[in-house]
Amino acid sequence: MGGFLSRHDKRIRDWMDSDDEEPSAYSPTKRQKRGSSHGPLALAWGVAEWVGRKRTQEDRCIGCVLSDGATFAGVYDGHAGSKAAAYAASNLHTHVAGTGALRRRLLDAFHKTERGIITSGIKDGTTACVAVVEGTNFTTANVGDSRCVIGGGSRKRPKATRCTTDHKPELVNEARRVQNAGGAVEIRGACARVVHPDCPLMLATSRTLGDAVCKRHPGLVSPHPDVTCRALTRGDRFAILATDGLWDVVSDQEAVTCVNKVLGDGTPSVALCEEAAAACVAKARKERTMDNVLVLVLCFLWNDAA
């Protein structure tokens, strides 16, 4: 079993080795889609995306089965370019498989990926929101404002449960860390941003991977992820991992309702997962999102015989 890597793998490797930005004439293509099995639980996933009002698509994702048998899914929202997102999508999961506490492996994976981005000379940055399924344990790790939401409840009354925290600069703990690093949180445009007198970037999120110019000031923008774990139950039907092009205009509950409507009463399949992800993208477009949108829907298929 395998998974899908970021879009156009060879093209990514080619332009990551150059100083050029991704070509503007980008057309999204279908990725490989896979599934996996974990005892009483099998999984299927699919992806949809839209470039929004931007010139290029800077978001990336991956879904795969790791060498230790766990299932990994991740979305990465690039900013000021797409090289950091592409690097994270190609590398972060490779540091997760292994033995020992999963929390520690995820923390190490984020920091190793951060070092790899910086030492590779990549200047731009990315958020990261990943989920790992081991048996019926569902673990998330994230930096930035990409988000993971679980859809549960009944088919007639779906319930949204947020699994991650959006790292916005205005949060008390985030603002305190920024200020301790010599920065400030200021309203610029329509949102709060991290600013620093020696940093040209004004980020709308307080944790990222990459953004080398910000990382010259330790603590200003953190690469340290929040990690959470929960046991999946048979009431959990799917998870949505998406970049903020969705969440800026679509609520958790609205996204869960979109996916639930597509899945209906049938057994989720790869095709349905992709259709459900596309329904979320369509909802974001209807609500006039301006940003890149990337949605990964991961469905939980419970084995009633188990």
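Which residues point one way from S3, and which the other way? I looked this up before anything else. Asp 59, Cys 61, Gly 63 and Val 65 point one way from S3, Arg 60, Ile 62 and Cys 64 point the other way, and all are buried (buried means under 20% relative accessible area with a 1.4 Å probe, protein chains only; exposed means over 50%, and partly exposed lies in between). In a regular strand the side chains alternate between the two faces of the sheet.

**Entry 1: basis.** I note that this is a predicted model, in which local features need pLDDT of at least 70 and side-chain atom pairs count only at pLDDT 80 or more, whereas totals for chains, interfaces and linings use all residues. Residues are numbered from 1 along each chain as its sequence is written, and side-chain values use heavy atoms, with hydrogens and water left out.

**Entry 2: the chain.** I found seven helices and 16 strands in the chain (DSSP runs numbered from the N terminus: H or I of at least four residues for helices, E of at least two for strands). Of the 306 residues, 55% are buried. The accessible surface comes to about 12,900 Å², and 50% of that belongs to carbon and sulfur atoms (Shrake-Rupley method, 1.4 Å probe; for residues, only the protein chains shown count as cover). Among contacts with a separation of 6 or more, 67% are between residues 24 or more positions apart (contact means heavy atoms within 4.5 Å).

**Entry 3: S3 and S4.** I returned to strand S3 (residues 59-65), which is mostly covered, with seven of its seven residues buried. Strand S4 (residues 71-79) runs antiparallel to S3, and seven bridges join them (two strands pair if DSSP finds at least two bridges between them). Ile 62 has Gly 74 in S4 as its bridge partner. The hairpin of S3 and S4 has five residues between the strands, and Gly 69 takes a positive phi near 95° there.

**Entry 4: H2 and H3.** I then examined helix H2 (residues 83-91) and helix H3 (residues 102-119), whose axes come within 10 Å and cross at roughly 135° (axes are lines fitted to C-alpha atoms, for helices over the stretch in contact; angles run from 0 to 180 degrees between N-to-C directions). That makes H2 oblique to H3 (under 35 degrees counts as roughly parallel, over 145 as roughly antiparallel, 65 to 115 as roughly perpendicular, and the rest as oblique). Ala 84, Tyr 87, Ala 88 and Asn 91 of H2 meet Thr 113, Gly 116 and Ile 117 of H3. H2 is largely enclosed by the rest of the structure, because seven of its nine residues are buried; Ala 85 and Ala 86 are among them.

**Entry 5: H6 and H7.** I looked up a further helix pair: helix H6 (residues 252-263) and helix H7 (residues 270-286) pack at about 140°, with axes 9 Å apart. H6 and H7 are therefore oblique to each other, and their crossing is right-handed. Residues of H6 including Cys 258 and Val 262 meet residues of H7, including Ala 276 and Cys 280.

**Entry 6: a three-stranded sheet.** I recorded an open sheet with the order S10-S11-S12 and antiparallel pairing. Its edge strands, S10 (184-188) and S12 (199-203), each pair on one side only. Neighbouring strands of this sheet are turned by 35° against each other on average, direction ignored. Five bridges join S10 to strand S11 (residues 191-196), and Glu 186 stands opposite Arg 193 in S11.

Terms used. Left-handed = near helix turned anticlockwise from the far one by under 90°.
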